[in-house]
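Open the structure in your viewer and keep the selection panel at hand.

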Amino acid sequence: MLTFESVSYRYAGAARPSLQDVSLVIGSGEVVGLVGASEAGKTTLCLVAAGLAPRTVRGTLSGRILLDGTDMAPLAIHELAGRVGIAFANPATQLSGVAGTVYEEVAFGPMNLGLPRSEVIDRTDAALRALKIIDLAEREPALLSGGQQQLVAMAGLLALGPAHLVLDEPTAQLDPAGTRLVAQALARLAMDGASILVAEQKTDLLASICDRVVVLDAGRVALDGPAAEVLGDPRLADLGVAAPASVRLRRLADAAGASPATLSHLDGALALEATT
Amino acid sequence: MPELAMESVVHVYERGSVRALDGVSLRISAGERVALIGQNGSGKTTLVRHLNGLLRPTSGRVSLDGRDAALMRVAQLARSVGLVFQDPDRQIFAGSVAAEVEFGPRNLGFRDAELRGAVDDALAAVGLAAESRTNPYDLGASRRKLLALASVLAMRTPVLVMDEPTTGQDQRGVATVRGVIEGAHAAGRTVIAISHDMEFVASAFDRVVVMGAGRVVGDGPPASVFAAASWEMLRSTYLEPPMAARAGERLGLGSTPTDDSLISALVRTG
Amino acid sequence: MAATAVAFAAVGVGGLAGPALLIGIGVVAPALAAGLLWKVVRTAGLMSLPLGISALLVNLFLYPGATDALFSIGPLTATVEGLRFASEILLRILAITGAITLFYLTTAPSALVIDLERRGISSRVAFVVLASVETVPAMVERATVITAAQRARGLDTEGSVVRRIRGVVPLAGPVLLGSIAEVEERSTALESRGFTHPGRRTLLWWPGDSGRQAVARWSMVVAVPLLVVARAVGWLGWLG
């Protein structure tokens with residue numbers, strides 16, 4: 001469980017805080033989506049959740065972040081490595097750059113922690129299996145597609161065994177096939193018990209995998225609730241977030257005067273299509 | 001306004017034996033709004049780089065209004081075809097937004113009032129008019145992308161090509177990009193965009209060209225490219241049609257590839 | 001077999017026409033075994049060319065105190081002694097370049113660095129070395145895209161020198177700025193994967209080192225001073 005208690009964050013040298021009084025909880029096995037206009041604070045929230053802000057990315061943090069009930073503040077970044085993993089939009093920058101094969105890339109984290117060799121191997125095998133990329137094990141990471149690289153990055157995080165995963169627009173640079181791969185992987189990981197926070201612009205994607213959705217507006221939490229409810233909220237447009245296609249179509253049909261029966265048929269069809 | 005044509009263009013990259021383009025023939029008339037879709041590796045980027053001469057065909061011909069592009073340098077072709085790259089950070093170098101936008105038109109010979117006008121119009125079109133003196137790196141990533149778009153808009157080329165203009169953009173950013181496309185179209189310019197966003201493609205373009213393994217596997221208005229009859233073709237290149245098409249198919253309403261067609265069909269049934 | 005290469009090169013310098021034999025054993029044989037003979041010959045040959053040609057010409061025509069003439073070109077006379085000496089030098093050069101080339105072609109940088117890491121260098125240093133090797137292709141790719149983007153905005157890279165000089169800032173700027181931004185993102189990612197964890201990291205694999213390799217290595221290292229001494233004392237005269 002990852003808990004934010006009235007967290008505010010201001011980057012070093014910035015005039016205004018990027019996060020203001022944010023309180024939220026991400027439970028184990030939950031997939032929480034994070035949306036908001038650009039510069040609403042999504043990336044900052046992800047960096048804070050992973051502990052990178054204020055440790056690596058300098059700034060001032062007020063409020064508390066609890067990792068499974070205990071304050072995250074006294075932990076150093078390498079101590080957090082095994083507990084919270086973070087993935088970014090650019091698949092290439094997440095690769096260590098020193099691994100000749102995907103296997104070594106995924107093993108990078110556990111190797112850094114100095115774990116016994118047999119444990120490194122076990123964890124790497126498990127991570128590759130969890131993301132269904134065992135057949136990529138001998139490939140060169142730099143030559144893979146963006147989607148595949150993202151999966152490798154996620155496997156690399158998993159091998160460290162974190163209970164919490166934070167992903168900042170992981171599908172931004174991926175094509176639809178790559179996006180689907182990542183979405184399926186996230187759903188599977190949540191089923192295995194990870195708590196996942198995923199920031200995205202693609203509300204269609206979030207509609208299909210998230211249990212809850214949080215909307216950020218100028219650094220504050222504007223909405224927080226079950227995915228379907230939040231994504232169907234009419235206030236989304238004012239908050240700079242595009243509603244998912246299913247919500248948009250539903251609204252258009254309603255506005256065009258379709259009958260309740262038709263609307264409910266439409267709902268059914270949209271619901272089925274959303275879970276691809 | 002020129003007509004672009006590619007005739008049996010094949011492109012093989014030096015290092016490999018892979019035919020990135022395997023015999024592409026395409027004609028794009030002046031004023032069209034064309035979306036280029038296909039999975040990564042299908043040849044979309046390779047194709048657009050042939051339009052301004054950055055890449056030359058291994059065989060086949062690219063022409064602009066009948067004139068062979070091979071006879072023109074990239075700097076010359078840049079007067080006719082403006083290409084906006086996907087990653088703004090692989091382009092931005094100036095200390096201010098205005099200086100960055102000036103670069104392109106200045107290279108083309110714009111001066112004084114014409115230059116200022118081009119820059120001002122471009123900044124206004126992307127909503128960065130108030131930031132002309134801001135350092136580009138003080139803008140967020142999505143606004144830097146709009147800056148890159150402005151820097152090519154300011155060149156006032158008859159053909160505007162954009163590589164993934166909406167990735168990383170929030171709703172307002174996407175609306176801005178739509179506005180730019182509309183404005184260019186209204187001015188008679190040809191707009192070509194590579195995109196993964198099927199909803200955007202279905203609603204902002206008159207024509208969709210589908211690429212797979214270096215070939216054109218589909219070409220037509222969104223209504224036909226996203227119609228059920230084309231789904232097999234789309235899926236062969238790992239693409240899914242937009243939601244309206246899929247919902248309509250499930251409801252047995254026939255082919256409803258666009259929002260409007262779905263809504264009309266729904267209202268007709270009750 | 002880094003040690004092998006180094007030892008061999010030293011021997012090559014110490015011997016006479018004996019180098020020919022050593023080249024045969026130390027360079028040609030392993031190259032054949034690794035299937036790299038042509039590559040080694042070609043690369044070593046090219047490397048040796050400048051030095052080799054000058055050594056040949058200088059010694060062939062200008063060897064001091066030579067008496068046995070071969071042929072003349074104008075005021076210059078080629079001598080047998082000169083030819084002999086030139087050959088000795090050439091063979092030594094070839095021995096060195098051959099050994100270096102063989103080493104370079106048979107050793108993956110990562111294998112070398114991991115081996116060193118196993119023998120004691122810090123993980124951080126090892127990482128920096130490996131990462132720098134990888135950065136080159138990445139930077140080249142980055143520079144290529146940047147050049148394309150700027151050319152698409154009318155930057156003329158095919159024109160006069162002056163024009164090309166003016167193009168330096170729009171080309172170098174983003175390469176630097178972007179690389180810096182990327183480095184930041186990369187280091188953040190690395191840190192979150194335990195890169196700053198104190199202590200040694202676990203190695204998954206390292207280059208194998210069999211008993212036979214160790215013996216071969218050490219015997220070559222020992223052979224160097226022995227051969228030098230033997231030559232000085234005159235025992236190797238029969239090698240000519």
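## First stop: chain A

Select chain A. Among its contacts between residues at least 6 apart in sequence, 68% join residues at least 24 apart. Bear in mind that this is a predicted model.

Now colour chain A by secondary structure. You will find 11 helices and 10 strands. The radius of gyration is 19 Å, close to the 19 Å that the globule rule gives for 276 residues, so chain A is as compact as a globular protein of that length. Its C-alpha atoms fill a box of roughly 65 × 45 × 30 Å along the principal axes. How much of chain A is buried? Of the 276 residues, 56% count as buried.

Look at where they meet. Here 7 residues of domain 1 of chain A are in contact with 7 residues of domain 2 of chain A. Which helix gives the most to the domain 1 side? Select residues 203-209 of chain A: this is helix α8, and it supplies 4 residues. By class, the domain 1 side of this contact has 3 nonpolar, 3 polar and 1 charged residues.

## A sheet of four strands

Stay in chain A and show the strands. Find the open sheet of 4 strands, in the order β2-β1-β4-β5, with antiparallel pairing. Select β2 (19-26) and β5 (70-71) of chain A. These are the edge strands, and each pairs on one side only.

Strands of a sheet pair through backbone hydrogen bonds, either parallel or antiparallel. For a close look, select β1 (residues 2-11) of chain A. Its antiparallel link to β2(A) is made by 5 bridges. Zoom in on Thr3(A): it stands opposite Val25(A) in β2(A).

## Into the core

Next, select Ala155(A) and Ala150(B). They have the most contacts inside the largest nonpolar core, which has 193 residues. Centre the view on Ala155(A). Leaving aside residues up to four places away in sequence, Ala155(A) touches Val106(A), Ala127(A), Leu128(A), Leu131(A) and Ile133(A). Another core, of 11 residues, lies apart from the largest one; Ala44(C), Leu91(C), Ile96(C) and Ala99(C) are among its members.

## Where chain A meets chain B

Show chains A and B together. In this contact, 31 residues of chain A touch 31 residues of chain B. On the chain A side, select α7 (176-191), α10 (245-255) and α11 (260-274): each supplies at least two residues. The largest share comes from α11(A), with 8 residues. The chain A side divides into 17 nonpolar, 11 polar and 3 charged residues.

## A helix of chain B

Select residues 243-250 of chain B. This is helix α10(B); 7 of its 8 residues are buried, so it is largely enclosed by the rest of the structure. Which residues of α10(B) are buried? They are Met243(B), Ala244(B), Ala245(B), Arg246(B), Ala247(B), Gly248(B) and Glu249(B).

The buried residues of α10(B) pack against α10 and α11 of chain A, together with α7 (198-204) and α11 (259-269) of chain B. Then step past the helix to Gly252(B). This residue follows α10(B) and has a positive phi, near 65°.

## Where chain B meets chain C

The contact takes 20 residues from chain B and 19 residues from chain C. On the chain B side, pick out α2 (74-77), α3 (97-107) and α5 (141-153), each of which supplies at least two residues. The largest share, 3 residues, comes from α3(B). By class, the chain B side has 12 nonpolar, 5 polar and 3 charged residues.

## Last stop: chain C

Select chain C alone. It has 9 helices and 2 strands. Trace the chain along its sequence and follow the pattern α-α-α-β-β-α-α-α-α-α-α. Which share of chain C is buried? Buried residues make up 28% of its 240 residues. Of the contacts in chain C with a separation of 6 or more, 67% come from residues 24 or more positions apart.

How values were computed: Residues are numbered from 1 along each chain as its sequence is written. Chains are lettered from A and ligands numbered from 1 in the order in which they are written. This is a predicted model: local features need pLDDT of at least 70, side-chain atom pairs count only at pLDDT 80 or more; totals for chains, interfaces and linings use all residues. Two residues are in contact if their C-beta atoms, placed from the backbone, lie within 7 Å. Ala, Val, Leu, Ile, Met, Phe, Trp, Tyr, Cys and Pro count as nonpolar, Asp, Glu, Lys and Arg as charged, and the others, Gly among them, as polar. A residue is buried if 20 or more other C-beta atoms lie within 10 Å of its own, exposed if 12 or fewer, and partly exposed in between; C-beta atoms are placed from the backbone. The radius of gyration is taken over C-alpha atoms; the globule rule is 2.2 Å times the number of residues to the power 0.38. Two strands pair if DSSP finds at least two bridges between them. A nonpolar core is a set of buried Ala, Val, Leu, Ile, Met, Phe, Trp, Tyr and Cys residues joined through C-beta atoms within 7 Å.
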